[in-house]
Amino acid sequence: MDRALAKLKEVFGYDAFRPLQAEIVADALADRDVFALLPTGGGKSLCYQLPALLRPGLTLVVSPLIALMKDQVDALTANGVAATFLNSSLEAGEGRRRLRGLHQGEYKLLYVAPERLLLSGFLEDLKKWNVTLVAVDEAHCISEWGHDFRPEYRRLVELRGVLPGVPVMALTATATGRVRTDIVERLGLRGPREYVASFNRPNLLYRVLPKAGAFDQLAEFLGERKGESGIVYCLSRKSAESLAEKLNRGGVPSRAYHAGLTQEERSRNQEAFLRDEVRVICATIAFGMGINKPNVRFVVHYDLPRNIESYYQETGRAGRDGLPSECLLLYSRGDILKQKRMIDEKPDENERRVAQRQLNEIAAFAESGDCRRRGLLGYFGEVFAERNCGGCDNCIAPPEETDVTIPAQKFLSCVYRVRQASGWSFGLNHIVDVLTGSKSKAILDRGHDQLPTHGIGKDMAADEWKQLAGELIRMGYASRSNDKFSTIELTDDGLEALKSRREVRVRRAPRIEKARVAKSRRKVAEDFAYDEALFEHLRKLRRDLADARDVPAYVVFSDVTLRHLARFYPDSDLAFEATPGVGRKKAVEFGKVFMSAIRDYVRESGRQVFPD
């Protein structure tokens, strides 16, 4: 492990391992099978990249996405590591050149997709290339119980027959206990050492806002984060497209990303985002898996995600560098109805049942007044012991109990009266229309304008009634049917509450002042002060250097490295190479130009002094 630590500093520029990395690397070097569950940003890639540099032969990395392969290989090459990938994005001549290099033992790491890997000719080649470790990235794709099942992953177990005795490492950022078991069994791992890191991402701030003019809410959010980049997840392709167009018209450089675009369009838009040419990518769930952009400062869910695993994975793309980042979910009961209609269209009954359960879980998370972090970690079986995480809306501004007895009586009475008058139940929109005094054709045709509850709720907006309805359903006073009409009915408890005029109180979060959110966002950053003007100066220099090399800016240096440079003002080769994230190759390649820029800055603007 002394060799491993020396290589860690020499190549990657770090003096110490992150949690569990040392143990995983040691097991890989001892030829043991390993299962590793590390959160996004927890350093999964290094768990197989470092052993690849410390042992003879080739490390084979199975990766599901072309973009991920290029991303990883660019970063490794910048660090002086002989790595390559093979996929359909390569021209024939380039592909043949890389194959020749593999036959000649020129590479230490090879990235391939599972589809390519299992071609008969390719399997024969593997036997000749002295493969000494197989790493299966995004291993949750092998499980039907996971959130991103890919059938082609199921055949990876065939590698055991082709490469007998070669250890296998399975890595993922998100998996329930059931998915973990499935991964171990489906990959045929032999007595694996299993490592499960904490799911907690302390640098992430989690917030949920009731939708009330979603685009205006998003525009306000982005306006407070000028210069920062992030991802906005949408439920549909159409929504991703239209949102990107509106943001561009509003002066926020944005691109769309979804499966309906051509491969060329997706690659172009993703590359623009990775290179900071656009601030925002508006995407469906097709975007993001394995994207190694460490300076994503926010993730916004414009629509409700399908399940908690997806939410955790997608929010995990923010703040991979450990710096403060935000996760905002815009939520409405209307999102539940949209997804329920999509679930009802699934032909398989078991698939519908699982999807409905997952939808109920994410809805309960969004509507909860408890600590978001505790709820997320609890879903994955981890206990969060702290009473207040200090990094979610419910902990920053705890929900307050509100007496809603009168509006609850009005709502429950309206549900009762509508059913009594017609003999059957109606959907939530119809109930709200009656309460707010609508004169729509549907109301007039059924004579519901003559009900005593018609118009008794004009003092509240429709969205407020829908929010209250969700709270009453969650409390068990009303229920929503599971048929395609999704009608509202009183439960026995709701009928009793109506008759007895029982007091009804709900927990509602107060509006969080922007200053309190900003304070929470700065919490981690304040522990590490730096010269912000110099940081921006170095960011521009980094961008110019990256453009000249045709790579994303973070391939040159991460934001964390730039912040250290902007705090300690290194002016010698030794000091520069001591900076976190600066390995030997980068010190040689970039040291002089960065130190020259720092000296020029200090000469003109002076040097700040920061407390130890």
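The largest cavity of this predicted model is lined by Tyr 233, Cys 234, Leu 235, Ile 285, His 301, Asp 303, Leu 304, Pro 305, Arg 306, Ser 310 and Glu 314. Its volume is about 100 Å³. Sorted by class, the lining comprises six nonpolar, two polar and three charged residues. In total, the structure contains four cavities of 30 Å³ or more.

His 301 belongs to the lining and lies in strand β12, which covers residues 296-301. Ser 310 and Glu 314 are likewise lining residues, and both fall within helix α13, residues 308-315.

Strand β13 itself spans residues 325-331, and seven of its seven residues are buried. The burial extends to both faces of the strand. On one side stand Ser 325, Cys 327, Leu 329 and Tyr 331, and on the other Glu 326, Leu 328 and Leu 330. Buried here means a relative accessible area under 20%. Glu 326, a buried residue of β13, has Phe 298 opposite it.

Strand β13 is joined to two strands, β8 and β12. Strand β8 (residues 204-210) runs parallel to β13 and is linked to it by seven bridges; within this pair, Pro 210 stands opposite Tyr 331. Strand β12 also runs parallel to β13, with four bridges between them, and Phe 298 is placed opposite Glu 326. From β12 the chain passes through helix α13 to reach β13, and this β-α-β crossover is right-handed.

A separate topic is the open sheet formed by three strands in the order β15-β17-β16, with antiparallel pairing. The edge positions are held by β15 (426-427) and β16 (478-480); each has a single partner strand, so one side of each is left without a neighbour in the sheet. Strand β16 is joined by three bridges to β17 (residues 487-490), and the two run antiparallel. In this pair Arg 480 stands opposite Ile 488.

Most residues other than glycine have a negative phi.

Of its 612 residues, 56% count as buried. The C-alpha trace spans about 85 × 65 × 45 Å along its principal axes. A compact globule with 612 residues would have a radius of gyration near 25 Å, and the 27 Å of the protein chain agrees with that expectation.

Definitions and conventions: Residues are numbered from 1 along each chain as its sequence is written. This is a predicted model: local features need pLDDT of at least 70, side-chain atom pairs count only at pLDDT 80 or more; totals for chains, interfaces and linings use all residues. Side-chain values use heavy atoms; hydrogens and water are left out. On a 1 Å grid over the protein atoms alone, a cavity is a set of points where a 1.4 Å probe fits but cannot get out, and a pocket is an open set with protein on both sides within 12 Å along at least five of seven lines; lining residues have an atom within 4 Å of a point. Grid points are joined across faces, edges and corners, and a volume is the space filled by probe spheres set on the points. Ala, Val, Leu, Ile, Met, Phe, Trp, Tyr, Cys and Pro count as nonpolar, Asp, Glu, Lys and Arg as charged, and the others, Gly among them, as polar. Buried means under 20% relative accessible area, exposed over 50%, partly exposed in between (1.4 Å probe, protein chains only). Two strands pair if DSSP finds at least two bridges between them. A crossover is right-handed if, with the strands pointing away from the viewer, the path from the first strand over the helix to the second runs clockwise. The radius of gyration is taken over C-alpha atoms; the globule rule is 2.2 Å times the number of residues to the power 0.38.
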